[in-house]
Amino acid sequence: MAPSELNALSPLDGRYAGKLATLRGLCSEAGLIRQRVRVQAQWYLHLAGERLPIPASISQPVRDELSRLASAAAPEEATRVKELEASINHDVKAVEYYVRERLERAGASAAQLEYVHFACTSEDINNLSYAAMLREARDAVLLPAMASLIGRLGALAREQAATPMLARTHGQPATPTTVGKEVANFAARLARQREGFAAVRIAGKCNGAVGNFNAHLAAFPDVDWPALARRFVAALGLDPNEYTTQIEPHDWIAEYAHALARFDTILVDLCRDFWGYISLGYFRQRAVAGEVGSSTMPHKINPIDFENAEGNLGVANALLEHFAAKLPVSRWQRDLTDSTVLRNLGVALGHVALALAALERALGRIDVDRERLLADLEDAWEVLAEPVQTVLRAHGVPNGYELLKKFSRGQPVNRERLHAFIATLDLPPPVRQALLQLTPATYLGAAEALARQIPITKP
């Protein structure tokens, strides 16, 4: 671990730094600066394309420099912006000055340089930059990782579709299911929430100091600025929001955070269930060469990846819930309480990314212990009280439920006792014979078919 990682305050930049390189490039301070520079350059190019007189007069070298600023970061970009910020104490103004420096070297005139940040408030640049950052983090990092995990679960569901398993409701033996069906339940839930997360519409605004295009119309009263701004925001791949104060109100960030938190909550449920199945011996974990499970108990293979994922999901959701509750609230036309909160967006996404990676590892090292599953089923003949009482109901036998309750509730039930009881029932011989053929391992309903039908999501 590098010295800078050892001294990092956040484990995302310390212990886990090597696992988050892609996300760090998008959501770090340098990533935010990159987006701000890009938006400043794209705004200038948009004004030039709309034929405002001075921007439209820029030379080809200046136009090329703007295109470079809008597409790829220069090696010194973040460092130089931070140097400028240190002297003026304003992060967005430092980006403006950096872009002006670059354009001046490319040959822009003094008049042309005045159109960098033209009619903008800092929030015009900021909201578009955060929107682009969250969109790229979602589309390039989170959605593919989600799809990969759901695909792994779908494959496991199909592989274990017919493997019988004793279900537990309230922690007690209940109607049997299959391993595959229980895994398929999670795959289906997660797929639905992933679709919801992917569908969140990411908004942006570029309408000035309080959202009314005041400065724009003072400078060029004949320009249809709302239409021009709509075209600009849409060209960035965002939904234009025309009804804002100084800030874009962040309602869509609340939707984004809530959608991601719902996905995370299902993963917490998965972590706890799989942890429990490992504890029961239904899943065995493969040993990893050289790995230590306990500092004092050499035999241990602990479910650390499921536990790590659950912990990271908890941190992520605490932040996501705060984002959703806080960010849409701003005093009057603007206060600054959102600024430091927005800077933590990448922290929440980092914890989600760590959890997804941990679950991929966890699922990749478990095997189903069929013998253990069958042993539990063989010890749970009482679960067949359900089909027997339901068949009695179906054939009009009075008090079928009560008969089975008296026979089975709190009583030891095994094959012999149950078969002797079934033999006394007033049922047609073929029906009685069908009940006698049932075992806890074969009383599975449509579990196998449902598990095999689960779509396998691909990244």
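Colleague: What do the buried residues of α12 pack against?

Modeller: This is a predicted model, where local features need pLDDT of at least 70, side-chain atom pairs count only at pLDDT 80 or more, and totals for chains, interfaces and linings use all residues. Residues are numbered from 1 along each chain as its sequence is written, and side-chain values use heavy atoms, with hydrogens and water left out. Helix α12 covers residues 225-235, and its buried residues (under 20% relative accessible area, 1.4 Å probe, protein chains only; exposed is over 50%, partly exposed in between) are Trp225, Ala227, Leu228, Ala229, Phe232 and Val233. With contact meaning heavy atoms within 4.5 Å, they pack against α3, α9, β3 (203-204), α11 (214-219) and β4 (239-240).

Colleague: How are helices and strands assigned, and which residue just after α12 takes a positive phi?

Modeller: Helices (H or I, at least four residues) and strands (E, at least two) are DSSP runs, numbered from the N terminus. Just after α12, a phi of about 80° turns up at glycine 237.

Colleague: At what angle do the axes of α3 and α9 cross, and is α3 parallel or oblique to α9?

Modeller: Axes here are lines fitted to C-alpha atoms, for helices over the stretch in contact, and angles run from 0 to 180 degrees between N-to-C directions. Those of α3 (residues 29-49) and α9 (residues 122-159) come within 9 Å and cross at roughly 120°. Angles under 35 degrees count as roughly parallel, over 145 as roughly antiparallel, 65 to 115 as roughly perpendicular and the rest as oblique. So α3 is, relative to α9, oblique.

Colleague: Which backbone nitrogens lie 3.3 Å and 3.0 Å from a polar side-chain atom of aspartate 369?

Modeller: Aspartate 369 sits in the loop between β6 (366-368) and α17 (370-378), and counts as buried because its relative accessibility is 16%. Leaving aside neighbours within four places in sequence, it touches Gly281, Tyr282 and Arg284. The nitrogen at 3.3 Å belongs to glutamate 371, and the one at 3.0 Å to arginine 372.

Colleague: Is histidine 170 buried or exposed?

Modeller: Most residues other than glycine have a negative phi. Histidine 170, in the loop between β1 (164-169) and β2 (172-178), has a positive phi near 60°. Its relative accessible area is 79%, so histidine 170 is exposed.

Colleague: Where is asparagine 399 found?

Modeller: Asparagine 399 is not a glycine, yet has a positive phi of about 60°. With a relative accessible area of 54%, it is exposed. Its place is the loop between α18 (385-394) and α19 (400-408).

Notes: Polar contact = N/O pair within 3.5 Å; in protein donor to acceptor, adjacent residues only side chain to side chain.
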